[in-house]
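Me: Here is a protein chain with a ligand. Let us go through it by question and answer.

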Amino acid sequence: MSTASRRKVLLMGKSGSGKTSMRSVIFSNYTAKDTRRLGATIDVEQSAVRLLGSLVLNLWDCGGQDSFLDNYLSSQRDTVFSNVAVLIYVFDITSTEWEKDLHYFEDNVIALREYSPEAGVWVLINKMDLVDKDDPKRVQYAEYCEQVRALNARISADEPVAGSLRCFPTSIWDESLYKAWSSVIHTLIPNIDLITAHLTYLRDLHGAAECVLFEAETFLAMAKSGSPIDCDPSEFEELEVDRGVTRLDRQRFEKISEIVKSFRKTCQRTGELFTGFETEFGGLSVVLEPMSKNTYILVVSVDPRVHTGLIRYNLSEAHCHFAEVGTWSVFTRKCNVCRDSIKNSVDITYNAKGDDDPSVRAWDDVNFDVKQRT
Ligand SMILES: Nc1nc2c(ncn2[C@@H]2O[C@H](COP(=O)(O)OP(=O)(O)O)[C@@H](O)[C@H]2O)c(=O)[nH]1
Ligand SMILES: [Mg+2]
């Protein structure tokens, strides 16, 4: 039986900065153009989004008019700021009242540290599409980030458990939005190390450059094999460097998210069903296909002996166990990747029947009766 993990996500920032737009593009299949029709958000609009089957995000989209903002900080202070996992604070880069916006941000972070000191803060500086032509080096963005970081450091200085702060430039008109939201979701997934270990196992099975897991609805990239999804190229593993990952487009995950989502929308319009993608060229084999009810997997193999048919066969063998890993509760079968991960990480909670009984074979043991796997 799976138990849902509920995480509260606050979406705050001045009215018109783009909070409801980004929520609608990511979670409700709106196009950027559709968001022009959105009305102003009145007070707090709560919605629950289920990801990967058992992670439920409680999104609190907080209307940004001055009167609401004052309420959140006074009468509703404990209701709004208690039990928060993540605060996503959206700034509008075109705002003419930056000082005032920063002041509101400060008040919000003070309240957050009071009621949910460990919450992470994601600052999204939005509408970058409107300024990029005049400021190609993003000098203004860098300056704003610096001010936001300094302010947060000052507020959090006496709070030993204060969650980290990260800044992202975003626009609902391009893939930057997916990068920022992927980063948020990535930190909220329980047992992410376990998922990463399985992706790394599948990568090595296929001589692949990387294996990436996408959430099926939003198509946000959740995790990848090897080094963390948002790490700097200088932190890549040796094997990733050998297989050419350093040469891949740094924005590939968010580009794939955006392309697949808009292609899927086109398919819906023409009455077709999008089920995946596969191709082979120049020694590369690429497969993108559903992995479980809530995920898609992308395998990019650089071994010319590995054809897409083989990848698809292996993935079909792995489906049932991967579905269990996604629910991160009690597994019906144990697996050596799970067991090794647990030995190496104290953060993983996992429970497989018969795991402490050496006579019970692991799901991926050689000679395991294939019929028992399904
Ligand atoms: N150019 C541009 N417009 C945006 C962007 N994000 C939101 N908008 C527009 O800004 C307006 C206000 O957005 P809304 O989501 O209602 O703001 P909220 O008050 O923060 O929820 C809408 O007309 C959106 O189309 C962006 O990244 N770029
Ligand atoms: Mg709104």
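Me: In what sense do strand S1 and strand S3 pair?
Reply: This is a predicted model, in which local features need pLDDT of at least 70, side-chain atom pairs count only at pLDDT 80 or more, and totals for chains, interfaces and linings use all residues. Residues are numbered from 1 along each chain as its sequence is written, while chains are lettered from A and ligands numbered from 1 in the order in which they are written. Strands (E, at least two residues) and helices (H or I, at least four) are DSSP runs, numbered from the N terminus, and two strands pair if DSSP finds at least two bridges between them. S1 (residues 5–12) and S3 (residues 55–62) share 7 bridges, and their sense is parallel.

Me: Which residue in S3 is the bridge partner of Leu 10?
Reply: Strands of a sheet pair through backbone hydrogen bonds. For Leu 10, the bridge partner in S3 is Trp 60.

Me: Which are the edge strands of the open sheet of 6 strands?
Reply: The order is S2-S3-S1-S4-S5-S6, with mixed pairing. An edge strand pairs on one side only. That picks out strand S2 (44–51) and strand S6 (165–169).

Me: At what angle does H1 run to S3?
Reply: H1 lies across S1, S2, S3 and strand S4 (84–92). Angles run from 0 to 180 degrees between N-to-C directions, with axes fitted to C-alpha atoms, for helices over the stretch in contact. For H1 and S3 the value is about 155°.

Me: At what angle do H4 and H5 cross?
Reply: Two packed helices are described by the angle between their axes and the distance between the axes. The axes of H4 (residues 98–115) and H5 come within 10 Å. Their crossing angle is roughly 35°.

Me: Is Val 148 buried or exposed?
Reply: Val 148 is found in helix H5 (residues 139–156). It touches Phe 105, Val 123 and Cys 167, not counting residues up to four places away in sequence; contact means C-beta atoms, placed from the backbone, within 7 Å. A residue is buried if 20 or more other C-beta atoms lie within 10 Å of its own, exposed if 12 or fewer, and partly exposed in between. Val 148 has 21 within 10 Å, so Val 148 is buried.

Me: Which helix gives the largest share of the shell around ligand 1?
Reply: A residue is near a molecule if its C-beta atom, placed from the backbone, lies within 6 Å of it. Of the 21 residues around ligand 1, those that come nearest include Lys 19 and Thr 20. The largest share, 3 residues, comes from helix H1 (residues 19–27).

Conventions: Contact = placed C-beta atoms within 7 Å.
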